[in-house]
Amino acid sequence: MTVTRAPRPDLLAVAGLCHTYGAGAVATVAIDDLDFEVGQGEFLSIVGPSGCGKTTLLRCVSGLQHPTAGTVTLHGEAISDVPEGMALVFQDYARSLFPWMSVSSNVEFPLSRLRLPRSERRERIGESLAAVRLDAAADKYPWQLSGGMQQRVAIARALAYRPEVLLMDEPFASVDAQTRADLEDLVLDVWRRFSVTILFVTHDIDESVYLSDRVLVLSRSPASVVADIPVGLPRPRDQIETKSADGFVRLRAEVARLIRPARGAETAGTSI
Amino acid sequence: MGEAGDRLTRGLTTVRGAASELLLRSAVVVAGLLVWQLVTMAIESAFFPTPLEIFGRVIETWFSGSPGTLFLTEEVGRNVAPSLMRLLSGWLLAVALGVGLGLAIGRIDWLAAMLGPIVQFTRAIPPPALVPLFLVLLGIGDGMKVGLIAVGVLPPILLNTIDGVRSVDSLQLDTGRVFGIDRRRRLARIVIPSAMPQIFAGLRVSLAIAVILMVISELVASTDGIGFGLLQAQRGFRIPDMWAHIMLLSILGLALNSGLTQVERRALRWHRGARRRSEV
Ligand SMILES: Nc1ncnc2c1ncn2[C@@H]1O[C@H](COP(=O)(O)OP(=O)(O)OP(=O)(O)O)[C@@H](O)[C@H]1O
Ligand SMILES: [Mg+2]
């Protein structure tokens, strides 16, 4: 396996991005002048303190939200509406599932517009539900599942869609450590097999380093880029081997140090 | 509350509670009927026949036909059928119009801005006040009655549909947009299902109002129908017949309501489950 991949042509570019919610006295500046690029097939992790604007950033990249200034370009074209081939796993996963659809219908819903043959549709649903270990819950309804299971349904839905760009907003926040490790490896597997470009927001420093090619560290609110750290660790990554490698430990410490001043003096925990 | 009362409330909350609650409720109904029977027997008033007598009259008048006509009498065809026709055509017309218009107003902002105040105003009109207007406009025929019912029950359907559509979770719509679902399919697969519980609430209210308007319109100007039969009985001093008509109307109201409840139960199974979950 190669240690680092060849430089990729840029797929996505965020330039001068600013977003302010509201106006006048109640205005909240969520993002202040963000600039970064994401290469084709790259895995980018985004970390930053709570409330710094990560969700807002993903909403702007997905085209759901018009930024108040700046542009997001995909394939060299500015995004004005939701582009094709993009999927977003919402942080608020429970609200993004449809309670009147069964688990398998929820996963199937985005596929309906892809005009796939029936057999392939079935196959994708089965495959992605199996990947998140929910094949037994296919006929259940979201409200019959635990929070972590609902989160996995939302992940399965995005995976079955096989987007070109996959945006994930703290997708593993409600699952236990073992499931989390499994899901990390699952996402890496999907990323490699279908050469997806992934923007992955997380609060977990280990996770951000373990998964990605680059870690983007954001400042406290309003978000701007503090550092853009390349992760040169070899692939395929392994939960035990990679995480005990010297390079990993060094990178992890570097990210943690970068986040610390950004967090200010009020907290001193080990995670963000 | 005494010890027995405590035990009763505790009993109602157990798993067996559902069965005992049903038992308790039917016991109350039976007791009520019994009191009614005893009181009317005691006072022997010509204006208050006993429930058994009224019920006998209901059977005799409408449900004593031959097995070939499902035991329905000719009287059903003469007076009940026209009433039901008016009721259902008026109500269904309002459902189609109210849900369709409600979806449009709920989804299209400029339409809401334009029509919102008018819609709010119509809510304040007591439906029976429309009777004279419809008499003047449409005469005394079926058109007047169907029109009256349709217009009279429109506001609750319309308002509930608009409310339901407006309260669709924005994140669910965003989910649809992200996955490239077009407007039409978002309407069919997200907006309508999500608004369905509220739409059904409107349907239930409107059905009750529809029965009221049907009776009023037949009392005021009609040559057939249950309301007409009721009026005839009163004019002929056939007091037991009068009571029988009143009882038939309540049976009809109950039957319509439970029919709608059945449909709702089937359509909204997910909603009851999801709500029960969120209460925990
Ligand atoms: N719809 C909104 N209206 C007004 N302000 C908002 C809205 N959404 C977010 N904000 C504000 O924008 C800022 C960034 O919010 P955002 O949700 O993007 O943060 P985040 O980095 O995703 O936080 P977390 O890590 O807790 O999910 C916050 O100060 C928040 O209060
Ligand atoms: Mg967020």
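Which strands of chain A does helix α6 (residues 177-193) of chain A lie across? The legends below describe close-up views of a predicted model.

**View 1. Helix α6 of chain A on its strands.** Helix α6(A), residues 177-193, lies across β3, β7 and β8 of chain A. The helix runs at about 140° to β3(A).

**View 2. The six-stranded sheet of chain A.** In chain A, 6 strands make up an open sheet with mixed pairing, ordered β6-β7-β8-β3-β9-β10. At the edges stand β6 and β10 (225-230) of chain A; each has a single partner strand, so one side of each is left without a neighbour in the sheet. On average, neighbouring strands of this sheet are turned by 15° against each other, direction ignored. Helix α1 (residues 54-61) of chain A packs on this sheet and touches β3, β6, β7 (165-169), β8 and β9 (214-218) of chain A. The direction of α1(A) makes about 160° with that of β7(A).

**View 3. The pairing of β3 and β8 in chain A.** Strand β3(A), residues 43-47, pairs in the parallel sense with strand β8(A), residues 197-201. The pairing extends over 4 bridges. Within it, F43(A) stands opposite I198(A) of β8(A).

**View 4. The four-stranded sheet of chain A.** An open sheet of 4 strands in chain A has the order β2-β1-β4-β5 and antiparallel pairing. Its edge strands, β2 (28-39) and β5 (77-78) of chain A, each pair on one side only. Strands β1 (residues 10-21) and β4 (residues 69-74) of chain A run antiparallel and are joined by 5 bridges. The bridge partner of A15(A) is T71(A) in β4(A). Helix α1(A) packs on this sheet, where it touches β1, β2 and β4 of chain A. Its direction makes about 125° with that of β1(A).

**View 5. The interface of chain A and chain B.** Chain A contributes 30 residues to the contact and chain B contributes 21 residues. Between them the chains bury about 2,300 Å², with 65% of this on carbon and sulfur atoms. The interface holds 3 salt bridges. In a salt bridge between R95(A) and D169(B), the closest N and O atoms are 2.8 Å apart. On the side of chain A that touches chain B, β6 (86-89), α2 (93-96) and α5 (147-161) of chain A each supply at least two residues. The largest share, 4 residues, comes from α5(A). By class, this side of chain A has 18 nonpolar, 6 polar and 6 charged residues.

Conventions
Residues numbered from 1 in each chain as written. Chains lettered and ligands numbered in written order. Predicted model: local features only at pLDDT ≥ 70, side-chain atom pairs only at ≥ 80, totals over all residues. Heavy atoms only, no water. Contact = heavy atoms within 4.5 Å. Buried area = accessible area lost by both parts, 1.4 Å probe. Salt bridge = Lys/Arg side-chain N within 4 Å of Asp/Glu carboxyl O. Nonpolar A, V, L, I, M, F, W, Y, C, P; charged D, E, K, R; others polar. Pairing = 2+ DSSP bridges. Axes fitted to C-alpha atoms, helices over the stretch in contact; angles between N-to-C directions.
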